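Let's walk through some side-chain contacts together, starting with charges and ending with rings. Keep the viewer open as you read.

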Amino acid sequence: MTTTHRLETAEAGLAYDVRGPLPADGGRPLLFMIGQPMGASGFGTLASYFPDRTVITYDPRGLGRSTRNDGRVDHVPAVQAGDVHAVIEALGTGPVDMFASSGGAVTALALVAAYPGDVITLVAHEPPLIPVLPDAPAAERARAAVRDAYEASGSNAGMAAFIAMTSWPGEFTDGYFAQPEPDPTRFGMPADDDGSRDDPLLSDRSWAVSSYRPDFSALAAAPARVVIAVGEESAGVLTGRTSQATAELLGQQPAVFPSHHGGFLGSESGYPGQPEAFARRLRDVLGQKD
């Protein structure tokens, strides 16, 4: 059974879902799944493979069903970490296990640093942390080119540039920047401009996410077990490289998961991964046996 709740704070109205009993059966910790800019709707398939756990999902402020009244449009990891902390407090069942992907993994790292008692085990899947890269200035230039393509020609052009950036193997060299601007039709998208300029992925509204540098000292001191995860198909590309670098700064090697950056996605995605195999691997990393 899934129930939907809403937490009103001074700055946001946060929608979150509870799949299963609350408190959880057997006193087990809740399993919180978060993304960014993806909201709760992206975790339906993955959550279905954990029928024995109470799973929590939420929409970050200003996205999906969650609203904001803070007068801002940017997405800041520390702010979102505060929101997740507020939801955990509202649930009232103590620290949680957490699976966090992409920008959600960045939020989760900020959460553990700021609120170390909130999490038991964090599996942070492919956090896109540009500052940890050796070619960080070039990666920032590539990110800016995505924003520029979006501002000039709309979401299809922006998404084509984003795909080109995130699929580039290795460091961003002169060869990358010498390429012609990607054609959206090459990726099966129309070339027309839909008029939008507020996409959190393609605009600069989420640059604070990809510009975030974790507090590695705070993470090392926290009681939470932090595991950096990476998809087996992401080796060498942007989020694979950020995951590897982040793991090394934490003194570990990343845990390898099936599929790609969205490997846990099922039919809710136009680019599904291997969610059943992904869920098995997540159970293993969480220390939970079938």
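**Charged partners and rings**

E11 is partly exposed, at 38% relative accessibility (buried means under 20% relative accessible area, exposed over 50%, partly exposed in between, with a 1.4 Å probe and protein chains only). This is a predicted model, in which local features need pLDDT of at least 70 and side-chain atom pairs count only at pLDDT 80 or more, while totals for chains, interfaces and linings use all residues. Residues are numbered from 1 along each chain as its sequence is written, and side-chain values use heavy atoms, leaving out hydrogens and water.

E11 forms a salt bridge with R61, with the closest N and O atoms 3.0 Å apart; the term stands for a side-chain nitrogen of Lys or Arg within 4 Å of a carboxyl oxygen of Asp or Glu. Because E11 sits in the loop between β1 and β2 and R61 in the loop between β4 and β5, the pair ties together parts that are 50 residues apart in sequence. R61 is buried, at 4%. The side chain of R61 also meets D83 in a salt bridge, at 2.7 Å from N to O, and D83 lies in helix α2.

Now to the rings. R141 lies over the face of F177, 3.8 Å from the ring centre (NZ of Lys or CZ of Arg within 6 Å of the ring centre and within 35 degrees of the ring normal). Likewise, R281 lies over the face of F257, at 5.5 Å from the ring centre. R281 also forms a salt bridge with D284, at 2.9 Å from N to O.

Note on methods:
Helices (H or I, at least four residues) and strands (E, at least two) are DSSP runs, numbered from the N terminus.
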